[in-house]
Amino acid sequence: MSWDWQVFCQDTITQEVGASCFGKGGDITYLDWMLSAWGWTVSVSLLSLVVALVVGSLIGTLRTLEGSPWIVRLGNAWVEFFRNIPLLVHIFLWYHVIPSIFPAMKSLPGFVLVVFALGFFTSARIAEQLRSGILALPRGQRYAGMAMGFTTFQYYRYVLLPMAFRIIIPPLTSETMNIFKNSSVAFAVSVAELTMFAMQAQEETSRGIEVYLAVTGLYVVSAFAINRIMAFIEQRARVPGMIAAGGGGH
Amino acid sequence: QANDTLAKIKSSGAVTLGVRESSGLGYTLGSGKYVGFHTEMGERILADIQKQLGLAKMEIKYQPVTSQNRIPLVVNGTVDIECGSTTNNTARQKDVAFAYTTYVEEVRIAVNAKSGITGIKDLNGKTIVTTTGTTSVQTLRKNKRAEGLTFKEIMGKDHADSFLMLETGRADAFIMDGSILAANISKSKNPQDYKVVGEVLSVEPIACMLRKDDPAFKKAVDDSIVRQIKDGSLAKLYDRWFMQPIPPNNVKVGLPLSEATKEAWANPNDKPMESYEVK
Amino acid sequence: MIELKNVSKWYGSFQVLSDCSTSIKKGEVVVVCGPSGSGKSTLIKTINALEPIQKGEIWVDGTAVHDPKTNLPKLRSRVGMVFQHFELFPHLSVTENLTIAQIKVLGRSPDDAKVRGLKMLDRVGLMAHKDKFPGQLSGGQQQRVAIARALSMDPIVMLFDEPTSALDPEMVGEVLDVMMGLAHEGMTMMCVTHEMGFAKKVSDRVIFMDVGGKILEDCSKDDFFGHPEARQPRTKDFLNKILQH
Amino acid sequence: MIELKNVSKWYGSFQVLSDCSTSIKKGEVVVVCGPSGSGKSTLIKTINALEPIQKGEIWVDGTAVHDPKTNLPKLRSRVGMVFQHFELFPHLSVTENLTIAQIKVLGRSPDDAKVRGLKMLDRVGLMAHKDKFPGQLSGGQQQRVAIARALSMDPIVMLFDEPTSALDPEMVGEVLDVMMGLAHEGMTMMCVTHEMGFAKKVSDRVIFMDVGGKILEDCSKDDFFGHPEARQPRTKDFLNKILQH
Amino acid sequence: MNLNIDWSFFTWELFSNFVLKGLYFSVILTAIATLGGILLGTLLALMRLSGRRWLMAPATVYVNGMRSIPLVMVILWFFLLVPLIIGRPIGAEISAIITFVAFEAAYFSEIMRAGIQSIPRGQVFAGQAVGMTYGQNMRLVILPQAFRNMLPVLLTQTIILFQDTSLVYAIGAYDMLKGFEIAGKNYGRPIEAYMAAAVVYFVICYALSWSVKRLHQKIAIIR
Ligand SMILES: Nc1ncnc2c1ncn2[C@@H]1O[C@H](COP(=O)(O)OP(=O)(O)OP(=O)(O)O)[C@@H](O)[C@H]1O
Ligand SMILES: Nc1ncnc2c1ncn2[C@@H]1O[C@H](COP(=O)(O)OP(=O)(O)OP(=O)(O)O)[C@@H](O)[C@H]1O
Ligand SMILES: [Mg+2]
Ligand SMILES: [Mg+2]
C-alpha cells in the first residue's frame, strides 16, 4: 500500500486537496476535523476524570468507615455494579434504556451522559484503589488522629487522605491514562471524538492506514502528556525523608 | 506472480469469502452461518470458479469483516473476495479492484409515519441520525450545504443503534442506505409505524471487492455475475431475500428492485460511484 | 482523675479485658506491664475511647467515656496519647504536626498554636528540627516530637503505649528523660512499658496484667518490687524473665 | 575462620565501612555493637557477600568472598545467618522452611532434609509447632525457627544481626538461651547485639563500631567491660547510655 | 414508557447460536491472556528490577509504550501490519490472542513489579543467605509471596481483560458482547440484548471476583 498523507488536507465535502491544509470560510478539512475531534476526546476525558476523582474518592472513603456497615455495603454495591459490566453496555443502558423509563433523561446531551458514565465507571476503580491506599496506612495513624481530638471528617481530611492519595499515585496514573483510552466509547453516543473521526474519515477517504496512524499518535500523545503531569504531581507531593511511598513492608 | 488468486485457490483448495454480520445485503444466523443476498451471490460466484478450475472439492472459509478492516484484509490477502455492502468509489480503486456492480444502493430517509415529513426540505431544524463509518454522512453534509438547511446531526454506533434513536424519538429522521432502512423497519416491533420517504439523496454502486491487478480472477468473477444476470438467477435471488419472508424472524423486507439496479444489471459495468448521477 | 469500674471488652467471642477496675488520682504516675497480648494497649486505649467497651464504666475528669452521648473528640483533645510507633503525620512538617490539632480542634489561631507548639518542641530539646519532616528524624527524635505534640494540646492526663520499645537502645534514654521530667512536674500519667528502671524510679503504682485481660496486681511501686513474696506466681515468673538478661 | 582486611564500602559517595579489619578464629564468639547507622548490619552482611564491597579482602574458611569468581550460593550455604526480623518464608510451613534450602541448595533428599530439620527444631524446643506457619508463631518462636533453619544447613559459622531487638521483652530470653547453648558447643559466631548481658556472659571478643563505619574497639570482653579507662570516649559515652536505664 | 421489553425472542437456540461461541472465545482469550500475560509480565517486571540498564531500558519502553496506546489500536495494527511483514495472513483469533498476551503483559508486569517490591528486602537476603541462586530465590521465595499478595489486583485486571475482549470486533473476531449485539440487531431487539448482556457480564464477573476472594482467603499468607 502506498502512503497518501495529503488526505488530511482534503476538504470534507468536495474531497479536494486545498492550498492550505486548514479550511477557510466555513469549509473544513480532515485536519481541522481531526483536531476538533481531539479536542472532544480531551474534554470528555478530563471532565470524566473530575467526576471519577470526586465520586471515586467519596465512595473509596466511605468504604473504609468503621462502624457503618450499611454505608460500606452501599459503597461495595456501587463498585461491583460499575466494575462488572462493560463500559459500552453501561453507555447503551444509560442512553437508550434509562431515558425510556425516565423521559427527562432524554434531553440530556450525549456528551454529559458519557462524562458521567465514564466517570462513574472509572470511579469504581479509583474507589477500590483509594480504599486499599487508606487500608495500607498503619492503623496507628487513624488512632493518632482520633487521639488528637479530630472528628471523623477531620482525621480523614488532615491525616488519612493526604497520605493515601500519595500512596496510590502510581495506579492512579494508569487510571488517568485509561480514561483517555476509554473515552473512545463516547462515539457510541454521538460525540464527535477521535474514534468516531477515525471510523468516519477512513470510510470517506479510504485512507484507513494513514487515518488510524494519526489517531493512534494523538492518543499516545494525550496519554503520555497525562503520564508526565502525574509524574510532576508525584514529584511535588513527595514527602521529604520518605522512601518512595508504598514500600512500607511489614 | 503474487496476485494470482485463481492459482492460489487451485493449489490450496480453499477460498476465503469476506462477509458482513449484520447489514442489509448480508448477515449471520449465528454459529458460523452467513446468509443474505450478497453472501449467497458470492457463494454462487465461487461455485462457478470451482467449476472453471475443475476442482472436485473447494472449501469456502467465511471471514466476517467490518467497514474498518475490509480493505486492509483484502489487500493483505486474508480475504480473497469480499461480497458485503462495499461501495465502489475511485478512492478505493487505488487499493482494490471491484467486480461488476450487482446492486445499486439508494440513500434515503426513514421517518416516523406520523411525523409528516415527506422529504429533505421538511428536515429543517430537525434532528437527523446516521451511522458512524458510512458514506451517508457525507451525503448528508453535501445536501446540507446545497440546500442551505440547518439540522442537528447525531450518529449511531451502528445501524441498530441509529434506528433505535429513531424509535425512541431522539431523532426525527434516519438517513441511510435503502436496504438497511427497509431491513431495520421490517424487523422492528411495529413496522407500520415507520416509512421511507422523499427523494433519493444519492446512489452508490455496491460490488464485490477483489485484490488489485488480478485480471484473471476478476474476469472469472465478472463472468459468473454476467451468467447469473443472464439466466435470471440473480433476480430470483433478489426476490428471495427482499420480497419473501427471511430468517431469522420470517418477515418480509419488502424492497422492490430499483430502477438503478435494473439498469446496472442491463449493462454490467464496474464504474465507480463518481460516475453516477442523482436523478 | 481516671476511674475504671468493671470494664470488660470482647472482640467477637474473644475477651480482651475482664472486669478491670482501677482509679488514678491527679498527679499520679502509673506503669502498666504484663506479657504480650494481655490487653495493655487495649486497656489504655479504652480511656480515651479509641476502643469502645461493652461493659463497665470509665470516667475521665468527671466525663463518662462509656456514655454514647459524650462528645468524644472533645474528650480526646484533653487526653494526650503517645504511641509505640510515634504516629507522627508523615506528610506534615514537625511544626505542622504540632499545630494542626491546636488550630483545627481547639480553634487556636495559627500564631498562638505555633508559639505553644514551639515551646513544647523546645522543652523536648528539638527546636533545631522544627522545619524537618518526620521521615528525616531518628526514632528517638520522632518520639519526642510525638510527646511535644500531645503536650501542646494542654492535656490533663498523658497516656503512653510502649513509647520506647520501637527505639534503638541508645535513644531510649532521650525519651525516658523527657517522661521523667513530665512526671516530676506533676503530670498525671499512665504508661505501658517494660522499662523496669523507669518504673522503679518514677512510678507511684504498678499494674500487672495477664493474658485474658485480667489485672493481676495493682499496688504501689514499693510493694511491687520490694515484696516479691506477696506477688502472684505469674508476676514473679514474668519479672524473672525480663530482668534476667 | 573469618578474616577481614581493610574492607571499605560506599553507597554512592557515602562511606558505610571504612577500612575495617579483624579476624575471627574457629570457635570464637564475637559481639558487634555500636550506635544505629554505624554499619554493623552492613559489616556482617559483607561476610557472606549479601552486600558487595568495593575495597579490601574477606576470607571465610579459605574462600575469597571478595573475588567475583567465587561461587557465592555455595559459600552462603555454609554460612548460617539469622536476621533481626526473622525473615522466615511466610508462605511455607515451619517444616518446609527448614527443608527447602537443604533440598534445593544442598541437594539432600526430602527425607534426609526432614530428619535433619526436625532435629534442629527439636533442639530449639519447638517440635510441637512443626506444621504451623510462621504467622502463627510468636516472635520468639519465629526467631528460634530461624536459628534452626540456619543450623540445619550445617554451617561452619553463624552470623546474627540483632536477633532479639524485634522481640517482646519476655521472649528475648528464649532466643538468648538457644544462642548461649550454641556458643558453649563451640560454634563460631559473630553477633550484632545490644544485649550486654549476653556479651558479658558468652562472648570472647567485642567489636565496637562508630558512625562512618569505623571499628573503634576490637578487644577481649574483659578489656571492654573491665577497663573503661582504656576505652575511647565515644565508647564510654555509648555504654553509659545503654546501661543507664 | 415506550420500551415494551420483549424477551420472547431470547431462546436457548438463539443463545447457543450467537452467544455461546462468543462466550467461549471470550473465556479462552481471557484465560490465555491472563496466563501468558502474567508469565511475560513477570519476566518484564524482573527485567525492570534487574538493575541492569540494557535489560531495564527495553522493558520500560515496552511497558510504557503498550500502556499508552488504546488496546483497540494495538489489536488493529497487529492484525493489519503483521501479514504485510510476514507475507501471509493470520487468523483473527490467533492475532487477537497474541495481541492480548503482548498487551496485557505490560499491565501484569506493573502489578507483579509492585508485588515483588512489596516483599521486604529481608526476604531476598534470607533466600540468598541460605545459598539460593537468583532463580531459586525468585521461584521459591519471592514470586510465590508476590503472587499471593497481588491476587486481588490481578483479579481486577482479569475482569477488565474479560470485558476488553469485546474489542476484538475491530478485526472481525467475535466475543460474547458481539454475540449479544448481533443477535439483537438481526432480530431487531437491541435493548433486550444489551440488558441480557449486562446481566450475564455481571454474573460472570461477580462470580469470578467472589471466587477469587475465597481463594485469596484460603492461600493468603498468615501474618
Ligand atoms: N481488632 C482486633 N480483633 C481481634 N482481636 C484483637 C484485635 N486487637 C487486639 N486483639 C487481641 O486482643 C488481645 C490484646 O491485645 P493488646 O494489643 O491490647 O495486647 P498488649 O498487651 O498491648 O500486647 P503487646 O505487648 O503485644 O502490645 C490480643 O490477644 C490481640 O490478639
Ligand atoms: N541501600 C542503602 N543505600 C544507601 N545507604 C544505605 C543503604 N543501606 C544502608 N545505608 C546506610 O548505611 C549506614 C549503615 O547502615 P547499617 O544498616 O549497616 O547500620 P547499623 O549499624 O546496622 O544500624 P542499626 O543499628 O540501625 O541496624 C546507615 O547510615 C544507612 O543509612
Ligand atoms: Mg500493645
Ligand atoms: Mg542493623
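**Exercise 1.** Is K262(B) buried, partly exposed or exposed?

*Solution.* The model is predicted, so local features need pLDDT of at least 70, side-chain atom pairs count only at pLDDT 80 or more, and totals for chains, interfaces and linings use all residues. Residues are numbered from 1 along each chain as its sequence is written, chains are lettered from A and ligands numbered from 1 in the order in which they are written, and side-chain values use heavy atoms, with hydrogens and water left out.

Step 1. Recall the classes: buried means under 20% relative accessible area, exposed over 50%, and partly exposed in between (1.4 Å probe, protein chains only).
Step 2. K262(B) has a relative accessible area of 41%, so it is partly exposed.

**Exercise 2.** Which side chain meets that of E259(B) in a salt bridge?

*Solution.* Step 1. A salt bridge is a side-chain nitrogen of Lys or Arg within 4 Å of a carboxyl oxygen of Asp or Glu.
Step 1. The partner of E259(B) is K262(B), with 3.4 Å from N to O.
Step 2. Both residues belong to helix α10 (residues 259-266) of chain B and lie three residues apart, about one turn of the helix. Helices (H or I, at least four residues) and strands (E, at least two) are DSSP runs, numbered from the N terminus.
Step 3. An α-helix has 3.6 residues a turn, so residues three or four places apart point the same way.
Step 4. In chain E, a salt bridge of 3.1 Å (N to O) joins E110(E) and R113(E). These two are three residues apart in helix α4 (residues 92-117), hence about one helical turn. E110(E) is buried, at 18% relative accessibility.
Step 5. Over all chains the rule gives 52 salt bridges.

**Exercise 3.** Where does N186(E) lie, and what does its side chain reach?

*Solution.* Step 1. N186(E) is found in helix α7 (residues 176-186) of chain E.
Step 1. With 2% relative accessibility, N186(E) is buried.
Step 2. Its side chain reaches the backbone oxygen of E21(B) at 3.3 Å. This can be compared with the rule for a polar contact: a pair of N or O atoms within 3.5 Å; within protein, one must be able to donate a hydrogen and the other to accept it, and residues adjacent in sequence count only if both atoms are side-chain atoms.
Step 3. Leaving aside neighbours within four places in sequence, the residues in contact with N186(E) (heavy atoms within 4.5 Å) include Y27(B), K187(B), P248(B) and F18(E).

**Exercise 4.** How many of the 13 residues of α5(D) are buried?

*Solution.* Step 1. The count is twelve, so the helix is largely enclosed by the rest of the structure.
Step 1. Among the buried residues are G140(D), V145(D) and L151(D).
Step 2. The cover includes β6 (79-82) and α6 (169-184) of chain D, together with α5 (121-129) of chain E.

**Exercise 5.** Which polar side-chain atoms lie close to oxygen atoms of ligand 1?

*Solution.* Step 1. A polar side-chain atom of K40(C) lies 2.8 Å from an oxygen atom of ligand 1.
Step 1. For S41(C), an N or O atom of the side chain is 2.5 Å from an oxygen atom of the ligand.
Step 2. The protein covers 60% of the 640 Å² of accessible area that ligand 1 has on its own (Shrake-Rupley method with a 1.4 Å probe; for residues, only the protein chains shown count as cover).
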